[in-house]
Amino acid sequence: MEDKNYKAIIEAILFTMGDSVELEKIANAIELDKKETKRLLDEMKEELNQSQRGVDIIELDGSYQMCTKQEMYEYLIKIAKQPTKRQLTDVLLETLSIIAYKQPVTKSEIEKIRGVSCDHAVNKLVEYNLVCELGRLDAPGRPLLFGTTEEFLRSFGVHSIDELPVLSADQIEEFKAEAEAEMKVQLDI
């Protein structure tokens with residue numbers, strides 16, 4: 001095998017592992033002795049420095065690690081500071097609307113309305129800071145109570161939950177009919 005193939009393997013190992021990898025383990029993986037493997041690693045370090053790449057290979061007490069060059073940190077910080085765009089799926093929106101209109105509400109109450117488990121949806125909404133724990137219900141098992149946050153209000157452009165749209169009786173009946181038709185289709189399948 002040519003040197004560049006060994007280097008590609010070493011690069012893949014260091015990139016994938018993330019943490020430092022002992023010289024001996026790298027040598028065993030590419031089936032070369034430690035002296036030859038170290039020579040290849042030293043060449044790779046030099047090539048990375050000469051080509052002005054954003055990554056480097058560092059040696060840490062007989063182990064090697066691929067890492068970002070210090071000169072690139074300011075750009076990484078700019079990316080890390082950018083707000084991530086949250087994706088609110090239909091499931092998350094449905095769960096969020098139940099919490100918004102029924103708060104304070106327990107997971108079991110949400111599940112009774114939705115008919116399916118809501119653990120993932122509630123956890124995601126808490127992670128997005130749209131929902132928070134409000135305390136515990138004074139009932140057996142002391143289940144958590146959930147409600148909306150100030151971030152929810154900001155995100156949806158309302159000043160309080162009192163400003164949420166109120167559904168008319170006709171809309172409620174229409175939604176019930178749609179849900180019943182949907183359940184019938186699912187049962188027929």
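1. Helix axes here are lines fitted to C-alpha atoms over the stretch in contact, with angles running from 0 to 180 degrees between N-to-C directions. Helices (H or I, at least four residues) and strands (E, at least two) are DSSP runs, numbered from the N terminus.

2. A word on the source: this is a predicted model, in which local features need pLDDT of at least 70, side-chain atom pairs count only at pLDDT 80 or more, and totals for chains, interfaces and linings use all residues. Residues are numbered from 1 along each chain as its sequence is written, and side-chain values use heavy atoms, with hydrogens and water left out.

3. Now α6 and α7. The axes of α6 (residues 107-114) and α7 (residues 119-127) come within 10 Å and cross at roughly 125°. That makes α6 oblique to α7 (under 35 degrees is roughly parallel, over 145 roughly antiparallel, 65 to 115 roughly perpendicular, the rest oblique). Contact means heavy atoms within 4.5 Å, and here Lys107, Ile110 and Glu111 of α6 meet Asp119, Val122 and Asn123 of α7. Those residues split into two nonpolar, one polar and three charged (Ala, Val, Leu, Ile, Met, Phe, Trp, Tyr, Cys and Pro count as nonpolar, Asp, Glu, Lys and Arg as charged, and the others, Gly among them, as polar).

4. Staying with α7: Ala121, Val122 and Leu125 are buried, where buried means under 20% relative accessible area, exposed over 50% and partly exposed in between (1.4 Å probe, protein chains only). Looking down the α7 axis, the buried residues fall within an arc of 95°, so they line one face of the helix; the arc is that of the directions from the helix axis to the C-beta atoms. On the other side of α7, His120 and Glu127 are exposed. The buried residues of α7 pack against α5 (90-102), α6, β4 (131-136) and β5 (144-148). Just after α7, Asn129 has a positive phi of about 60°.

5. Next, the α2 and α3 pair. Helix α2 (residues 23-30) packs on α3 (residues 34-50) at about 100°, with the axes 9 Å apart. The two helices are therefore roughly perpendicular. Leu23, Glu24, Ile26, Ala27 and Ile30 from α2 make the contact with Lys34, Thr37, Lys38, Leu40 and Leu41 from α3. By class, that is six nonpolar, one polar and three charged residues.

6. Last, Leu145, which sits in strand β5. At 13% relative accessibility, Leu145 counts as buried. Leaving aside residues up to four places away in sequence, Leu145 touches Pro104, Val105, Thr106, Cys132, Glu133, Leu134, Gly135, Arg136 and Leu137.
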